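The following note sets out numbered points on the model shown below. Please read each point alongside the sequence and the coordinates.

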Amino acid sequence: MAPHQQAGVRVARVSHSTSKQRRRLYWLVRAALLLFVLINVVAFNHAWRFTHFSAQPGRHTISPEQLSLADKLWVLATGIRNPKPIHAQPPAFAYRTFYISSPNGKLECWYSPVPQARGTVALFHGYTSDKSHLLREAAYFRHLGYSVLLTDFAGAGGSEGYRITVGYRESYDVAAVVRWLQQQQPRQRVVLYGVSMGAVAILRAESELGVQAAANIIECPYGSMLQTAQNRFASMGVPAFPMANLLVFWGGVQNGFWAFDLSAEAYATNITMPTLLMWGTADPRVTRQETDAIFAALSGPKQRHDFAGSGHEPYWRKHREAWQQTISAFLLPPIAVSCSSQLAPR
């Protein structure tokens, strides 16, 4: 073969090889883009189901740690079942139902006054819950001499809407309730009690919306929206990145706020009122690191009590006497005295 012919063959081979590499790169880029779009579609769907309750009745998807492997895969692919929470039962004590206007819609409340009340405790429930799940706590506050006001966040129970934002919009509901109480009872102490999402909503209302209460009792507040999303993936044994980040991003976009800034730890730095923080040592959704950071950030008088072996659940179930003693020790003495200790036994 002549030299010029050999050179031509080499050029053809190089050109063919380059063409194959270009086709391979084209399909790799196309596959990467398809995977990127698919992941974002799944994250968008998850975020929507996580922050929008369904009007159709049914059972909510059980806790991630209780799911079988097949159920976990199905939930990861399709999202959770998230029907609007409905009341489990009415109060056994005397009460009246009324409604308060919030920027998020009409809120249904149960109010139960007691004679010569020491003050009023406003109770706020957690995610996928409603005010009927706080009746045991409300009964104990009444036993201590406090009137109680239980409220369904917008989207839950008897309140308007189907949207939930795990603390952001709910803080406006907290503000509306406190404003109503302070208008109705300007001289009476208002204590705020919140569980999980309700606790974060209280902290944001005080930090960002100017709410002033006499004291706070917060159970298992999560550190940040991103952290709580990461914890949920961890409880399913699934890597959190990038789905947790995308879930938070799309959840914020869908609901009109930057969800990465939803942080109880950041809000805590602006909390100057006396605060009792409680946490369960076996909580799979709120870590010790988160709890330590929130407690350390609280600027005002503070107390803390950890409940050994309790998860993301009411602490009175496993530690009724300890829970009651912790609450009564915080509320019954003068607030300034009860909060002189910065750290309760853990």
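1. Helix α7. The buried residues of α7 are M243, A244, L246, L247, V248, G251, G252, Q254 and N255; buried denotes under 20% relative accessible area, exposed over 50%, and partly exposed the range in between, with a 1.4 Å probe and protein chains only. Helices (H or I, at least four residues) and strands (E, at least two) are DSSP runs, numbered from the N terminus. The 13 residues of α7 reach 18 Å from the first C-alpha to the last, close to the 18 Å expected at 1.5 Å a residue; the expected span is 1.5 Å times one less than the number of residues. After α7 comes G256, with a positive phi near 80°.

2. Basis and confidence. This is a predicted model, in which local features need pLDDT of at least 70 and side-chain atom pairs count only at pLDDT 80 or more, while totals for chains, interfaces and linings use all residues. Residues are numbered from 1 along each chain as its sequence is written, and side-chain values use heavy atoms, with hydrogens and water left out. The protein chain has an average pLDDT of 89, and 85% of the residues score at least 70; pLDDT is the predictor's confidence in each residue, from 0 to 100. Over residues 336–346 the pLDDT is below 50, although this stretch has 28 contacts in the model beyond near neighbours in sequence. A contact here means heavy atoms within 4.5 Å.

3. Q254 within α7. Q254 belongs to helix α7, which covers residues 243–255. Q254 counts as buried because its relative accessibility is 15%. A polar atom of the Q254 side chain lies 3.0 Å from the backbone oxygen of F44. Not counting residues up to four places away in sequence, Q254 touches F44, A47, W48, T51 and R163.

4. S132. The loop between β3 (120–124) and α3 (135–143) holds S132. With a relative accessibility of 4%, S132 is classed as buried. The side chains of S132 and D130 are joined by a polar contact of 2.5 Å. A polar contact is a pair of N or O atoms within 3.5 Å; within protein, one must be able to donate a hydrogen and the other to accept it, and residues adjacent in sequence count only if both atoms are side-chain atoms. Setting aside residues up to four places away in sequence, S132 also touches I86, H87, A88, Q89 and W110.

5. T272. Is T272 buried or exposed? T272 counts as exposed, since its relative accessibility is 52%. T272 is located in the loop between α8 (264–268) and β7 (275–280). Leaving aside neighbours within four places in sequence, T272 is in contact with S299, G300 and P301. From C-alpha to C-alpha, T272 and K302 are 9.1 Å apart in space, and they are 30 residues apart in sequence.

6. The model has six salt bridges, each defined as a side-chain nitrogen of Lys or Arg within 4 Å of a carboxyl oxygen of Asp or Glu. One of them pairs R288 with D306, with the closest N and O atoms 3.5 Å apart. R288 lies in helix α9 (residues 288–297) and D306 in strand β8 (residues 302–307), so this pair ties together parts that are 18 residues apart in sequence. R288 is partly exposed at 34% relative accessible area, whereas D306 is buried at 7%. Another salt bridge joins R304 and D292, with the closest N and O atoms 2.7 Å apart. Because R304 is in strand β8 and D292 in helix α9, this pair ties together parts that are twelve residues apart in sequence. R304 is buried at 1% relative accessible area, and D292 is partly exposed at 29%. R288, D292, R304 and D306 are linked in a network of salt bridges.

7. E313 and K318. A salt bridge also joins E313 to K318, with the closest N and O atoms 3.3 Å apart. E313 counts as buried, its relative accessibility being 19%.

8. Helix α10. What separates the end C-alpha atoms of α10? Although α10 (residues 316–331) has 16 residues, its end C-alpha atoms are only 17 Å apart, short of the 22 Å that a straight helix would reach at 1.5 Å a residue. A kink of about 55° in α10 is centred on A322; the bend at a residue is the angle between axes fitted to the seven residues ending there and the seven starting there. The buried residues in α10 include W316, W323, T326, I327, S328, F330 and L331.
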